[in-house]
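Here is a short note for a colleague who is opening this structure for the first time. Please read it with the sequence and the 3D view side by side.

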Amino acid sequence: MNNKMEEKQKIERVLAVFSQYLKDTEFYEVFWSEKHGYILLGMSGDGTNVFDEASIISTSEAFVKRMLTEIASDYFIETESDNTLKTATQPEAVEIRQRWRPYMEQLPEYQYLLDTMVMGSTI
């Protein structure tokens, strides 16, 4: 099996793990393109119902990081925090890692990404 096919299978596995999150959010859709592979479409949150972002999902690692970042962003919006992953307080970091846990338990090979993504306490 070639590298491109292996990466596609890895992306599909990540997609399966985050499928419920993607179904529940109104801001993202993932599509398959024969020309470009998987594409993540992002919808503006300003109520215009316009997709204002299209990103090719080139690697499973990048897709995991993107999904984790979106889950963290949901937390910051929900709590009306002005922080980011890099400026998160220790309690925020703990809560974000808790929200990530169900996904990362299914994707243990990407666990190393967590230390590069959030400040604060580790789980």
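1. Ground rules. This is a predicted model, in which local features need pLDDT of at least 70, side-chain atom pairs count only at pLDDT 80 or more, and totals for chains, interfaces and linings use all residues. Residues are numbered from 1 along each chain as its sequence is written, and side-chain values use heavy atoms, with hydrogens and water left out.

2. The largest pocket. Its volume is about 300 Å³. A pocket here is an open set of points on a 1 Å grid over the protein atoms alone, where a 1.4 Å probe fits, with protein on both sides within 12 Å along at least five of seven lines. Volume is the space filled by probe spheres set on the points, which are joined across faces, edges and corners.

3. The pocket lining. Sixteen residues line the largest pocket, and Lys4, Lys8, Trp32, His36 and Gly37 lie nearest its centre. Lining residues have an atom within 4 Å of a point. Helix H1 (3–17), strand E1 (28–33) and strand E2 (37–43) each give two or more residues to the lining. H1 supplies the largest share, five residues. Helices (H or I, at least four residues) and strands (E, at least two) are DSSP runs, numbered from the N terminus.

4. Lining by class. The lining of the largest pocket has six nonpolar, five polar and five charged residues. Ala, Val, Leu, Ile, Met, Phe, Trp, Tyr, Cys and Pro count as nonpolar; Asp, Glu, Lys and Arg count as charged; the others, Gly among them, count as polar.

5. Helix H3. H3 has 19 residues, and its end C-alpha atoms are 27 Å apart, which agrees with the 27 Å it should span at 1.5 Å a residue. The expected span is 1.5 Å times one less than the number of residues. Its buried residues include Phe63, Val64, Met67, Leu68 and Ile71. Buried means under 20% relative accessible area, exposed over 50%, and partly exposed in between (1.4 Å probe, protein chains only). The buried residues of H3 pack against H1, H2, E1, E2, H4 and H5.

6. Helix H4. This helix covers residues 90–106 and reaches 24 Å from its first C-alpha to its last, close to the expected 24 Å. Look for a kink of about 45° at tryptophan 100, shortly before proline 102. The bend at a residue is the angle between axes fitted to the seven residues ending there and the seven starting there. Trp100 is among the buried residues of H4, as are Ile96 and Tyr103. The cover over the buried residues of H4 includes H1, helix H2 (19–24), helix H3 (60–78) and helix H5 (114–117).

7. Most residues other than glycine have a negative phi. Glutamate 80 is exposed, with a relative accessible area of 71%. Serine 81 is found in this loop too. Serine 81 counts as buried because its relative accessible area is 18%. Beyond its neighbours within four places in sequence, serine 81 is in contact (heavy atoms within 4.5 Å) with Phe76 and Glu92.

8. Valine 30 sits in strand E1. Not counting residues up to four places away in sequence, valine 30 touches Leu15, Leu22, Tyr38, Ile39, Leu40, Ile57 and Phe63. Isoleucine 56 belongs to strand E3 (residues 51–56). Its relative accessibility is 49%, so isoleucine 56 counts as partly exposed. Leaving aside neighbours within four places in sequence, isoleucine 56 is in contact with His36, Tyr38 and Ile39. The C-alpha atoms of isoleucine 56 and glycine 37 are separated by 7.1 Å, with the two residues 19 apart along the chain.
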